[in-house]
Each structure stands twice: as structure tokens, then as C-alpha cells.
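Colleague: Before I use this model, I would like to go through the labels attached to it. Please show it first.

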Amino acid sequence: MDHDPAHIPVLHHAVLDLLAPRPGETLIDCTAGLGGHAASIAERLGSDGRVVLFDLDPGNLARAEDRVRRALCPDDPKSARVHAVRANFAQAASWAAQHGVRADMVLADLGFASPQVDDPERGLSFKRPGPLDMRLDPEGPVTAGELVNTLDERELADLIFRYGEERHARRVAAKLVAERREAPISSTDRLASIVRSVVPRAPGSIDGATRTFQALRIATNDEIGSLEALLGSIERWSGRTDEGGCWLNPGARVAVISFHSLEDRPVKQAFAGIVAEGRARAVTRKPVVPEDDEQRRNPRSRSAKLRVIRLDGGDAGGND
Ligand SMILES: C[S@@+](CC[C@H](N)C(=O)[O-])C[C@H]1O[C@@H](n2cnc3c(N)ncnc32)[C@H](O)[C@@H]1O
């Protein structure tokens, strides 16, 4: 196994157990990140396997590609059986259809990777002073700073309420609009201190800036829109085998790891719909969550939930 001590993929063993990779299969990893899950899966696929990696972040994608190539085809570093696609996973289905690739496993481990949040220049953390950027794709169309400085007060309040579930959203938006009249809000530390000045922090509760930062990150990267597009393409194509667009093999396993209820809810609903229509079976009847030990080692894993379905058809690949 390719160990990278700096990176512990969340729910790693559960992902491997439940996706149950078999030699010669194809994995589409929608969120390559640092390649932790994908490299371990690649080891089980053997040289006839195929791995397609998506990521918006070119640095992560390159790192993941390198790990996966070493795991899948160590003797053929240029193998055409590894594809690294710098794109939004909303495009996974159309990419696969265009390239004639059908997945036996689809994995989406949502959100961001630790090096992204640890790099102050990405502006993702209220704990580190940096530019108010927050884009996972460094060339994405809009930064968090542009949203904070250009949306009107009502739009800002709605965004912070909807994606941050911040009950003080109106107060935060009013304060942001007042402050930006003095000078544009262009740094994470200034944003955090403005938000904290109007969001009381009860002892033992989360930092007052947490929810507003989450909301801006989700909006900047259109995270819920991308997830809904991916789920839509799974709903549309599960149980179908027709040519021209089908990107999922019969028996394909689909796994999603979410980190908050705004992500988990659409996954739960989409999977339940596909199962109710008799086009898949639930591999996880309840979401799998990290053991205490993993939560202690990796605090970010605390909110993780893994849901897996197995599409009908195919032979007995995957767990039930
Ligand atoms: C939690 S990390 C994935 C970690 C990975 N599973 C591993 O084992 O290393 C999430 C990754 O997904 C990427 N990402 C987030 N949203 C995306 C989207 N809509 N399309 C493509 N990549 C996305 C982020 O840039 C980040 O690298």
C-alpha cells in the first residue's frame, strides 16, 4: 500500500470494503484529492483496471495521478489506463460517455483536502490570514471576496443562511455591507473578525465565523449545484444499458462521503429514489460514520457520512 503519513483519507477501510474493487474494473473517482482512496483501489484492480480521476485543483490532481499510476501500472508510467481530468465532477457522466468509459465504481469524497485548507493563500480557513479567495479551482469564475463585496445585503443574508445555516445571517450581512463601505473586505482575518463581532460564541461552541466561512466556500465553488448534477446523472443512467450516454456498468457501486447535512440530504434522497424504483440496492442502510479512533486521529472526519448503493445487474461484485 502507498502510505502517505500527511494524508489520511476519511473512512478509508469502509470505502475499500464497500466498493469491493475487483481486478479489471473501472473506478471513476470524482474527487481525486491526494489520491489516497484511489491508489488503494488501483492496487486491487491490477494492470487490466482503469482509473479516471477528477479534481478541480490541478495540484491535487497531479499528486493523485502520480500515486495512482504507481499503484495501477508501476511498469508503465504512461499507461492510458489512468486518466486525470481537471474538471468539475458534474461533467463526469459526459466525459465518460464521450470517451467510451463505463464505471464499475464511482466515488465522491466531497469538500476539500487538508493541504487546501492549510494553505493560507487559498483563503479557506478563518484560522489563517490570507486573501479571501476560497476557490478549489484556482481559475474558477468567482472568489469569495467578490461575493462578499458585490452581492446586495439580502442576497448575502440568504447565502449565509442557506449554505451556512447561520441563524444570525441577517445581522452578519448587514455588518458586512456596512464594513465594506469603509473598505473592501479582502482578507480572511478581516472577514472573520467582522463576523465574530456580531455572532456571539457560547462557551464550548464553534467559532462564530465557522458558518459564514462554510457558506461562502459552498457558494464560491457551487458545491451543492455540482453535487446535484452528479446525483442527477447517476439517477438518469442507473439501470440503463443503452449506448450513447450510459456511463455506469450494471452492478456498479456508487459511494459518497459527505461532511454536512446540506450534502448528505440530497445524497440520501437520490439514493433512496433509485433504490425505491428497483434500480439499485442499498449497500449501507444507514450511513457509515468513523469509529472513535478515527475521529480522534482526524478531527475533520467527525462529521463524515458514507452512503453506498449497488446498481442492479452484473454479477456478484460489491458487498450487499
Ligand atoms: C476530501 S478531498 C478528496 C480526498 C481523496 N478522496 C483522497 O483519498 O485523497 C476532496 C477533493 O475534491 C475536490 N473537489 C471538490 N469539489 C469538486 C468538484 N465539484 N469537482 C471536482 N473536484 C472537486 C477538491 O479539490 C479536493 O481535492
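**Labels and cut-offs**

Modeller: I start with a strand pairing: strand E6 (residues 280-282) and E7 pair in the antiparallel sense over 3 bridges. This is a predicted model, in which local features need pLDDT of at least 70 and side-chain atom pairs count only at pLDDT 80 or more, while totals for chains, interfaces and linings use all residues. Residues are numbered from 1 along each chain as its sequence is written.

Colleague: What makes E6 and E7 a pair?

Modeller: Two strands pair if DSSP finds at least two bridges between them. E6 and E7 have 3 bridges, so they pair. Within E7, Arg310 is the bridge partner of Arg281. Strands (E, at least two residues) and helices (H or I, at least four) are DSSP runs, numbered from the N terminus.

Colleague: Which sense does the pairing of E5 and E7 have, and over how many bridges?

Modeller: E5 and E7 are antiparallel, with 6 bridges. Here Arg307 in E7 has Val256 opposite.

Colleague: Why is Leu306 called buried?

Modeller: A residue is buried if 20 or more other C-beta atoms lie within 10 Å of its own, exposed if 12 or fewer, and partly exposed in between, with C-beta atoms placed from the backbone. Leu306 has 23 C-beta neighbours inside 10 Å, so it counts as buried. Leu306 sits in strand E7 (residues 305-311).

Colleague: What is Leu306 in contact with, beyond its neighbours within four places in sequence?

Modeller: Contact is taken as C-beta atoms, placed from the backbone, within 7 Å. On that basis Leu306 is in contact with Leu11, Ala14, Val15, Ala255, Ile257, Thr284, Pro287 and Val288. Leu227 is 79 residues from Leu306 in sequence, and their C-alpha atoms are 15 Å apart.

Colleague: How do you know that E7 is mostly covered?

Modeller: In E7, 7 of its 7 residues are buried. Lys305, Arg307, Ile309 and Leu311 point one way, Leu306, Val308 and Arg310 the other way, and all are buried.

Colleague: And what makes helix H2 (residues 36-45) mostly covered?

Modeller: The count for H2 is 8 buried residues of 10. They are Gly36, His37, Ala38, Ala39, Ser40, Ile41, Ala42 and Leu45. Among the elements covering them are helix H1 (12-19), strand E1 (26-29) and helix H3 (58-72). Just after H2, Gly46 has a positive phi of about 70°.

Colleague: Which residues touch the most other members of the largest nonpolar core?

Modeller: Such a core is a set of buried Ala, Val, Leu, Ile, Met, Phe, Trp, Tyr and Cys residues joined through C-beta atoms within 7 Å. The largest has 93 residues, and Ala38, Leu53 and Val68 touch the most other members. Strand E5 (residues 248-258) gives the largest share of this core, 6 residues.

Colleague: Why is Thr143 called partly exposed, while Met134 is buried?

Modeller: Thr143 has 18 C-beta neighbours inside 10 Å, which falls in between the two cut-offs, so it counts as partly exposed. Met134 has 27 other C-beta atoms within 10 Å and is therefore buried. Met134 lies in the loop between H5 and H6, and Thr143 is in the loop between helix H5 (114-118) and helix H6 (144-150). Thr143 is in contact with residues including Met134 and Thr220.

Colleague: Which phi does Met134 have?

Modeller: Its phi is positive, about 75°, although Met134 is not a glycine. Asp222 also is a residue other than glycine with a positive phi, near 45°. With 16 other C-beta atoms within 10 Å, Asp222 is partly exposed.

Colleague: Last, which residues come nearest to the ligand?

Modeller: Of the 21 residues around the ligand, the nearest are Pro9, Thr31, Gly33, Gly36 and Asp109. To be near, a residue must have its C-beta atom, placed from the backbone, within 6 Å of the molecule or strand in question.

Definitions and conventions:
Two residues are in contact if their C-beta atoms, placed from the backbone, lie within 7 Å.
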